[in-house]
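Colleague: I would be grateful for a close look at a single part of this protein. Please describe that part in a connected account, with its setting in the chain.

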Amino acid sequence: MATWIVGGVLVAGVVAILWKMISDKRQGKGGCSCGSDCAHCHGSCGLNSH
């Protein structure tokens, strides 16, 4: 029974992370440290975020 509880918590955590990533993507927030404004990091983030 404990295995199912731990597994459920892990699945819920992964779903929450994916939900946040999708939400951020839809709002135009990227994973880039320059805030997806590649003018500040000379375009290097554009290679990774697209």
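Modeller: The following account concerns helix H1 and the residues along it. The model is a predicted one. The protein comprises 50 residues, of which 12% count as buried, and it contains two helices and zero strands.

Helix H1 spans residues 2-26. Over its 25 residues H1 reaches 36 Å from the first C-alpha to the last, close to the 36 Å expected at 1.5 Å a residue. H1 is hardly covered, since the count of buried residues among its 25 is one.

Asp24 counts as buried because its relative accessibility is 18%, and the limit for that class is under 20%. Asp24 also takes part in a salt bridge with Lys20, in which the closest N and O atoms are 3.0 Å apart. Both partners belong to H1 and are separated by four residues, about one turn of the helix. Lys20, with a relative accessible area of 47%, is partly exposed. The structure holds one salt bridge.

A further feature is a nonpolar surface patch of about 490 Å², made by Val14, Ile17, Leu18, Met21 and Ile22. Of these residues, Ile17 has its place in H1. Ile17 is classed as exposed because its relative accessible area is 53%, and exposed means over 50%.

Just after H1, Gly28 adopts a positive phi of about 85°.

Key:
Residues are numbered from 1 along each chain as its sequence is written. This is a predicted model: local features need pLDDT of at least 70, side-chain atom pairs count only at pLDDT 80 or more; totals for chains, interfaces and linings use all residues. Side-chain values use heavy atoms; hydrogens and water are left out. Buried means under 20% relative accessible area, exposed over 50%, partly exposed in between (1.4 Å probe, protein chains only). Patches are made of residues with over 30% relative accessible area and no salt bridge: like charges are joined within 9 Å, nonpolar side chains (Val, Leu, Ile, Met, Phe, Trp, Tyr) within 5 Å. Accessible areas come from the Shrake-Rupley method with a 1.4 Å probe; for residues, only the protein chains shown count as cover. A salt bridge is a side-chain nitrogen of Lys or Arg within 4 Å of a carboxyl oxygen of Asp or Glu. The expected span of a helix is 1.5 Å times one less than its number of residues.
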